[in-house]
Amino acid sequence: MSVTEDRPGAGLLDGRGTDTGARAAPGATEPVSVPGAARPRKPFLGELLGFAAVGSLAYAADLGLFVWLRGPAGLDPLTAKALSFLAGCSVAYAGNALGTYRHAAARGPRQYVIFFAVNIAGALVQLLCIAVSHYGFGFTSPRADTVSGAGIGMALATVLRFWGTRSLVFRGEDRVGSWTG
């Protein structure tokens, strides 16, 4: 029997698998908390749901502003969409920074630029889906354009945005791009 085996609480491991040196309280069945130890991360499903909720709010802001800019404000469609896209990205960044990824250490202009780039990549995925469907496969009806852009394209773009936001913008110190949380 080694010295470490007969100590109460010996062998308590932190999240990286190293011995914390913590001792179990006499008669305790659970390990004692170690000050400064890493807190458990938000489960993957919770992170995904938070991302989806923030994305829904951002989509509503984008759509609402676009409709207002095209209608009462009287802007042309491209200017209205560019402004509403920027507003939607800002809402999504704020919601993710203050909510879903509030535990991430670094926030600021650099993260916002990366976040914006990830969202532009998502928009390009949607446009690519429409282009392939419309011009490549010849599905030219408005319904086909909606299915390819707002259906398939949005699903693929959301996966890309989630991955990019999680692994490039708000990556945790102990998690760099892992899909498993």
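Lys 81 counts as partly exposed, at 37% relative accessibility. Here buried means under 20% relative accessible area, exposed over 50%, and partly exposed in between (1.4 Å probe, protein chains only). This is a predicted model, in which local features need pLDDT of at least 70 and side-chain atom pairs count only at pLDDT 80 or more, while totals for chains, interfaces and linings use all residues. Residues are numbered from 1 along each chain as its sequence is written, and side-chain values use heavy atoms, with hydrogens and water left out.

The protein chain has four helices and zero strands. Helices (H or I, at least four residues) and strands (E, at least two) are DSSP runs, numbered from the N terminus. The pattern along the sequence is α-α-α-α. Of the 181 residues in the protein chain, 27% are buried.

Lys 81 forms a salt bridge with Asp 62, with the closest N and O atoms 2.8 Å apart. Asp 62 lies in helix H1 and Lys 81 in helix H2, so the pair ties together parts 19 residues apart in sequence. Asp 62 is buried, with a relative accessible area of 12%. A salt bridge is a side-chain nitrogen of Lys or Arg within 4 Å of a carboxyl oxygen of Asp or Glu. By this rule there are two salt bridges.

The other joins Glu 47 and Arg 166, whose closest N and O atoms are 2.5 Å apart. This pair links distant parts of the chain: Glu 47 is in helix H1 and Arg 166 in helix H4, 119 residues apart. Glu 47 is buried, at 2% relative accessible area. Arg 166 also counts as buried, at 2% relative accessibility.

The largest pocket holds about 1,000 Å³ of space. A pocket is an open set of points on a 1 Å grid over the protein atoms alone where a 1.4 Å probe fits, with protein on both sides within 12 Å along at least five of seven lines; lining residues have an atom within 4 Å of a point. Of its 33 lining residues, the closest to the centre are Tyr 59, Asp 62, Gln 126, Met 154 and Arg 161. Helices H1 (44-70), H2 (77-100), H3 (109-136) and H4 (142-169) each give two or more residues to the lining. H1 gives the largest share, 10 residues.

Finally, the loop between H3 and H4 holds Phe 137. Phe 137 is exposed, with a relative accessible area of 59%.

Key:
Grid points are joined across faces, edges and corners, and a volume is the space filled by probe spheres set on the points.
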